[in-house]
Protein chains: 2
Amino acid sequence: MRVELINTGTELLLGSTVNTHLSWLGENLFPLGLRIARQLAIPDGDIIRHALLETMGRADVVLVTGGLGPTSDDITRELTAELLGLPLEENAEVLAHIQRYLASRKREMNPHTHRQVMVPAGATVLHNAYGTAPGLYFAPRPVAAAGGALSPHIILLPGPPRELKPMFTDQVAPILRSFTGDTGAKEMRSFKIAGLGETQVSTTVEEPLLSLGDIELGYCARPGEVIVRVIGSREQLAAAESIIAASFPENYFTAEDVPLEHVAVDLLTRMGQTVSVAESCTGGLVSHRITNIPGASHVLGRAFVTYANEAKTDLLGVPVDMLAAHGAVSREIAAAMAAGCLRTSGADHALALTGIAGPGGGSPEKPTGTVFIAIASKSRSEPVVEHHVYPTNREGFKAMASQAALDLLRRRLSRMI
Amino acid sequence: MRVELINTGTELLLGSTVNTHLSWLGENLFPLGLRIARQLAIPDGDIIRHALLETMGRADVVLVTGGLGPTSDDITRELTAELLGLPLEENAEVLAHIQRYLASRKREMNPHTHRQVMVPAGATVLHNAYGTAPGLYFAPRPVAAAGGALSPHIILLPGPPRELKPMFTDQVAPILRSFTGDTGAKEMRSFKIAGLGETQVSTTVEEPLLSLGDIELGYCARPGEVIVRVIGSREQLAAAESIIAASFPENYFTAEDVPLEHVAVDLLTRMGQTVSVAESCTGGLVSHRITNIPGASHVLGRAFVTYANEAKTDLLGVPVDMLAAHGAVSREIAAAMAAGCLRTSGADHALALTGIAGPGGGSPEKPTGTVFIAIASKSRSEPVVEHHVYPTNREGFKAMASQAALDLLRRRLSRMI
């Protein structure tokens with residue numbers, strides 16, 4: 001079945017609002033055996049008529065979001081009814097719901113809210129538990145404006161995500177499932193690989209993965225990681241994971257929809273160990289990412305942002321003469337920061353980062369984007385230091401450097417567990 | 001001029017990636033006097049040919065994102081060249097750039113990366129400062145596949161946002177500006193207001209703003225701030241700012257496209273003062289946000305993540321019996337953390353946060369989402385503490401609490417300057 005999505009809303013095209021409906025609906029259609037073949041965003045107004053006409057004879061299901069509300073630019077319901085040649089009728093059930101909804105909020109019905117009570121004849125009402133505007137489902141019917149061609153299944157959904165999501169899950173998914181039956185054959189998995197480039201990953205695994213037969217393969221580069229997306233049968237996905245894990249024993253870190261920090265916190269939790277962090281150039285991002293994971297308080301008790309040299313000396317015991325001899329951005333200082341952080345925090349592991357986030361501050365020997373990342377562990381005698389150069393903007397640099405630090409921790413932990 | 005946007009990428013339709021290009025490009029086209037009339041997302045593959053054909057004779061400018069990379073599903077460049085009837089030629093400049101780029105990362109050129117060196121004859125290369133794949137600009141030309149119709153201006157941009165954004169700003173915007181000239185009539189401004197709700201803001205300013213005449217008005221709620229978007233003449237925007245500033249003297253903080261932390265760092269820089277931060281529940285996010293701003297090293301020398309009670313005692317001198325008496329999440333501990341942070345850091349101001357990020361950990365008196373935020377300043381005798389409850393998820397809580405802390409700092413500084 002071919003599914004198309006139409007998002008209406010001038011705010012989407014002006015950029016004031018990020019369109020999250022596409023990704024949310026895409027993720028929630030996949031388990032039903034459906035995918036969005038084409039998504040279109042258009043401004044509020046009567047262009048929706050043209051967009052719907054385009055889908056006739058091409059799509060099986062069309063989902064439309066937005067334009068069902070009470071304000072003057074919300075005309076999706078009216079224009080769809082007109083296109084399908086259906087008169088609008090007051091719906092008693094919707095009227096009762098909106099009256100209850102407004103009364104519970106001490107608001108009153110007015111002509112604007114009353115428009116939402118009008119339902120095209122023959123459409124199925126989708127109850128809106130979290131707002132006033134109902135959703136609507138139109139079964140296929142011949143459309144005069146399309147030369148008598150049969151319309152797709154058309155489903156109108158409210159724009160606010162908190163209204164759309166439960167309506168889709170509770171009411172739209174069952175309708176769609178009644179078309180598709182139990183398709184269950186294909187599954188999707190995203191395998192995540194840290195610290196390698198997209199080309200490096202694809203050249204290594206593409207041939208063996210494609211030899212698995214009829215699978216779909218895609219790659220996506222994120223800061224410091226590459227995602228290999230595979231769609232196939234359960235057996236093919238298991239084989240794909242074996243190939244990827246064997247190809248990148250050090251770098252492959254998860255097939256789950258979780259970030260790298262989640263894997264690191266999980267490893268620490270299972271080992272009953274703790275970590276501390278001393279950050280210069282990343283300014284708190286590594287700690288922030290670790291503490292995004294529920295349960296992080298069991299594995300991280302304290303962390304330090306030591307931007308200034310004096311902070312490195314006061315808080316981590318980095319010797320003043322070592323700073324003078326090597327400069328704050330150096331292998332030696334990263335190692336001393338990690339060793340000091342390990343000692344003063346009492347944690348089992350300590351990460352330290354020192355680098356040049358930019359803009360500016362670089363030199364020919366240490367260009368902007370240079371970072372030294374160290375890890376120290378109670379059970380090891382010496383810190384290990386990695387050196388990277390991420391010549392991008394400040395935000396990109398922080399993302400890449402924090403990713404490399406978390407991966408350094410993950411690799412050490414996975415060798416110890 | 002009619003602008004259309006085509007986003008390619010199977011990951012966008014499967015929902016693995018949120019499409020942020022639409023909103024970013026929408027926001028950045030507006031100041032050029034341009035808006036996106038229609039945005040389409042399609043999977044990787046040869047459907048891009050059909051999508052481009054559709055725009056012929058309808059659009060003046062078509063922006064295409066994605067599909068320029070080295071992997072097998074990246075075929076936007078090849079298919080566009082084919083559609084326009086242009087042969088691919090090795091480009092020496094692109095080759096030299098990619099070789100330099102890979103060498104600085106200790107990676108090697110291979111047949112996959114080499115594909116990116118091939119440029120359609122007559123296309124203008126848009127240099128990619130942050131990646132390998134160049135962007136491409138095609139001036140209008142007759143297209144045989146479209147019956148000889150003239151193609152729009154076609155601009156191909158790389159998918160990764162860190163590559164696309166600078167390329168658009170530095171190279172695409174000047175090209176577009178050369179078409180539009182100085183349109184100058186309407187401008188858009190986004191006024192940012194911290195710490196108030198969307199309804200509170202809109203009910204206060206809607207009437208006076210609409211009385212300015214023919215303007216376009218929109219509202220957008222973000223974590224801890226409301227953005228009022230006004231489109232109108234320069235004079236109308238100046239009047240709108242006066243209305244908003246007078247309505248929210250404490251809460252209105254900028255008409256620039258900068259985050260709250262930028263305003264706070266600017267104030268500190270102008271005052272020649274410094275800040276330190278002691279974070280419990282936000283785990284480093286406040287420091288991370290401050291250090292996102294170039295020049296932050298002049299205003300922040302050190303900061304602390306004190307998740308564990310012992311860390312609050314060891315690093316900030318919070319008395320053990322005070323922790324026992326009030327609990328770590330309390331007005332008293334927030335004040336003691338801020339006072340301790342001010343003392344030990346030597347900074348002019350200190351922020352401290354203690355709260356319950358969730359999930360779990362709440363109680364009837366202190367529900368999940370509770371946070372106490374304190375500010376201490378050298379020039380004031382006592383810390384000031386604010387109490388908030390943000391009953392949302394962990395990520396949302398951290399965003400709201402960090403925003404409230406930065407706003408507390410901003411308000412104090414703007415009263416002192």
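**Where the chains meet**

Guide: We are looking at a predicted model, and in it the contact between the chains takes 66 residues from chain A and 67 residues from chain B. On the side of chain A that touches chain B, the largest share comes from strand β16 (residues 300-306) of chain A, which gives seven residues.

Visitor: Which classes of residue make up the side of chain A that touches chain B?

Guide: That side has 29 nonpolar, 26 polar and eleven charged residues.

Visitor: How does β16(A) pair with strand β16 of chain B?

Guide: The two strands pair in the antiparallel sense, over five bridges, with the partner strand in chain B covering residues 302-306. To see this at the level of residues, find V305(A), which stands opposite A303(B) in β16(B).

Visitor: What is the order of the strands in the open sheet?

Guide: Ten strands form this sheet, and their order is β19(A)-β18(A)-β17(A)-β15(A)-β16(A)-β16(B)-β15(B)-β17(B)-β18(B)-β19(B), with mixed pairing. At the edges stand β19 (384-389) of chain A and β19 (384-389) of chain B, and each has a single partner strand, so one side of each is left without a neighbour in the sheet. From one strand to the next, the twist averages 15°.

Visitor: Which helix of chain A packs on the sheet, touching β16 of both chains?

Guide: Helix α12 (residues 309-316) of chain A does so, touching β15 (275-279) and β16 of chain A together with β16 of chain B, and its direction makes about 145° with that of β16(A). Further out in chain A, strand β18 (residues 370-377) and β19(A) pair in the antiparallel sense over six bridges, and there T370(A) has V389(A) as its bridge partner.

Visitor: How should I think about the interior?

Guide: In soluble globular proteins, nonpolar side chains tend to be buried together. Here the largest nonpolar core has 157 residues, of which A338(A), L351(A), A338(B) and L351(B) touch the most other members. Helix α15 (residues 394-416) of chain A gives the most to this core, with ten residues. Another core, of 83 residues, lies apart from it and includes L14(A), L83(A), L84(A) and L157(A).

Visitor: Into which domains is chain A divided?

Guide: There are domain 1 (3-180), domain 2 (187-254) and domain 3 (260-416), and the C-alpha centres of domain 1 and domain 3 of chain A lie 49 Å apart.

Definitions and conventions. Residues numbered from 1 in each chain as written. Chains lettered and ligands numbered in written order. Predicted model: local features only at pLDDT ≥ 70, side-chain atom pairs only at ≥ 80, totals over all residues. Domains from an automatic or database assignment. Contact = placed C-beta atoms within 7 Å. Helix = DSSP H or I, 4+ residues; strand = E, 2+ residues; numbered from the N terminus. Nonpolar A, V, L, I, M, F, W, Y, C, P; charged D, E, K, R; others polar. Pairing = 2+ DSSP bridges. Axes fitted to C-alpha atoms, helices over the stretch in contact; angles between N-to-C directions. Core = buried A, V, L, I, M, F, W, Y, C linked by C-beta atoms within 7 Å. Buried ≥ 20, exposed ≤ 12 C-beta atoms within 10 Å, placed from the backbone.
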